[in-house]
Amino acid sequence: MNKTDVNKGSDDYSVRSVVMEMKNITLRFGGVVAIKEISFDILEGEIRAIIGPNGAGKSSMLNVISGFYSPQEGEIWFRGEKRPWLKPYQVARQGIARTFQNIALFEGMSVLDNVMTGRLTHMNSNIFSQALWKGQSEREEVENRDHAERVIDFLEIQHIRKTPVSRLPYGLKKRVELARALVSEPSLLLLDEPMAGMNVEEKEDMSRFILDVNDEFGTTIALIEHDMGVVMDLSDRVVVMDYGRKIGDGAPDEVRNNQDVIDAYLGVSHD
Amino acid sequence: MPDQVLFATEVVLNGLMAGVMYSLVALGFVLIFKASGIFNFAQGVMALFAAMTLVGIQNGQVPFSHLFNAIFGTKIHYFGWEVHSVIAILLTVIVMIFMAWAVQRYIFQYLIGQEPIILFMATIGLAYFLEGVADLMWGAEIKTLNVCLNSDTCLPQGINTVIDSVTFGWFGYGFFVDNLDISATIVAIFLVAVLVIFSQYTKQGRAMRAVADDHQAALSVGISLNYIWILVWSVAGFVALVAGIMWGAKSGVQFSLSLIALKALPVLMLGGFTSIPGAIVGGLIIGVGEKLFEFLIGPMIGGATENWFAYMLALLFLVFRPQGLFGEKIIERV
């Protein structure tokens, strides 16, 4: 898979602006150190992967970014400002959308309704005008609906628009979750193992969608994956974690040849 | 038409109206259970509390006056003014919203992620606490609720006499329907319409449905769970107020009012704990069933069936259709 950076600001990473920067993040659960002094940045318009073996702290890292965990030490800088420790819903309102490893969808709602919830942060009209369906709320509703339909088309889930999510197979649920995250027009999109539990064909589909989203909307994406092959094809830059520490950071090719990374993946003993 | 059939029709009509009163109570339960998984034992007491607050404000009673007088040796009981019903209702709504906030802030915020049984126990505690507060605030004596609903001021010249004469003209037999029951039905229809519009078309309603479905997913689309739970308790408080007004107008505002919660249980078992239409249909079925059973079978077994019929029906439902008529069927995947 060859990536072409048509819609991105620049191919030169030193020119791009930093969307988010982690500085010395340390996260502990009691005596267990899940993340130890990790720093890295995410640049505008790139696909940034976080990889590592099981239990390396990847998901914890994503949960720190999205506010589900608050680390004991370190700082997060978002769009050039130091971010205070926020709750998950506050992070979402800042324009950071996410998906979950084991899918968190509204099972009782249709696909369209699920996607529409992704627009909740874009609804500003007051409750009475919403109830009466007049004025600002009407315009907003039309606009939000329009947006949702575009994303639904883009991710090729038109045929299941009205289907309750609980009836969908796993691969489609993952895609609906991506749609819900995408529809909020996030300035940073976090994907937690978007390809976990998928067959080869579904993985290829998902990879294509991730690349297309990045190309078409210029969305900055940070994703977690432990399938090395997929990640190397997909991402611009890769952070490698092992036992809560960062052991590699750079372009896929650099990382692939890093001795520490090879050791971590092949399981060389640490002595 | 033979008199028996006409009489039975009248019984059904009255049953439907009585059912509306049950539905009103059951609605409050469903709202909270759906959104937060809490079975709110305090719903009945909330209705009592709301009704007492309303009467207290209307009559210009000084809240906590007994406490006040005991400490300072004064003898203040009334401000000496009367508050118009509409203003009093608005003030009571504000009190109920404050209660919702306090319940979330001081009880359930500390119990996030606990077992359902623990949340249930907390609501039992809340029920007794709220009953105590209501007693302390407004006193324990029975009060009459005088919103225009139970007199003839709202419905011109007593709509029951109109119905009576119209049906007499049609069938040669006049139907008797209670004025209050008619008002309750109208109010209930209006209330349900408002709730439906709120939950289907507003941002807050959508967020409420989202929270009811999946907490984590709700957080990830920018919904504050805390805010939604306060909102849900406020809405349930408002529904409790409506139920409190209706029941209070019917049987006086007294402490036994909190027992109407028990009447809601069979309704919920019939309709399902998670369904708003279920609460309404369940209430209607129980209302009609109760009255018809008393009318048809009652004389054969010595009457007084209304006390136990609802529970009997609920028991049958538990055996044959535990999820209720409209509840979600739970299928475990193995």
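This is a predicted model: local features need pLDDT of at least 70, side-chain atom pairs count only at pLDDT 80 or more; totals for chains, interfaces and linings use all residues.
I started with α7 (residues 179-201) and α8 (residues 203-213) of chain B, which pack at about 80 degrees with axes 5 Å apart. That makes α7(B) roughly perpendicular to α8(B), a label for angles of 65 to 115 degrees. Axes here are lines fitted to C-alpha atoms, for helices over the stretch in contact, and angles run from 0 to 180 degrees between N-to-C directions. Helices are DSSP runs (H or I, at least four residues) and strands are E runs of at least two, numbered from the N terminus.

Residues are numbered from 1 along each chain as its sequence is written, and chains are lettered from A in the order in which they are written.

Next I looked up who touches whom, contact meaning C-beta atoms, placed from the backbone, within 7 Å. From α7(B), B:F198, B:S199, B:Q200 and B:Y201 meet B:G205, B:M208 and B:R209 of α8(B).

Then I moved to α11 (residues 260-271) and α12 (residues 276-296) of chain B, packed at about 115 degrees, axes 8 Å apart. I found B:P266, B:V267, B:L268, B:L270 and B:G271 on the α11(B) side. Their partners in α12(B) include B:G278, B:A279 and B:I286.

Last, I checked A:Y243, in the loop between β9 (237-242) and β10 (245-250) of chain A. A:Y243 is partly exposed, with 16 other C-beta atoms within 10 Å (20 or more is buried, 12 or fewer exposed, in between partly exposed). I also noted A:G55: 188 residues from A:Y243 in sequence, but 6.9 Å away in space, C-alpha to C-alpha.

Technical notes: Angles under 35 degrees count as roughly parallel, over 145 as roughly antiparallel, 65 to 115 as roughly perpendicular and the rest as oblique. Two residues are in contact if their C-beta atoms, placed from the backbone, lie within 7 Å.
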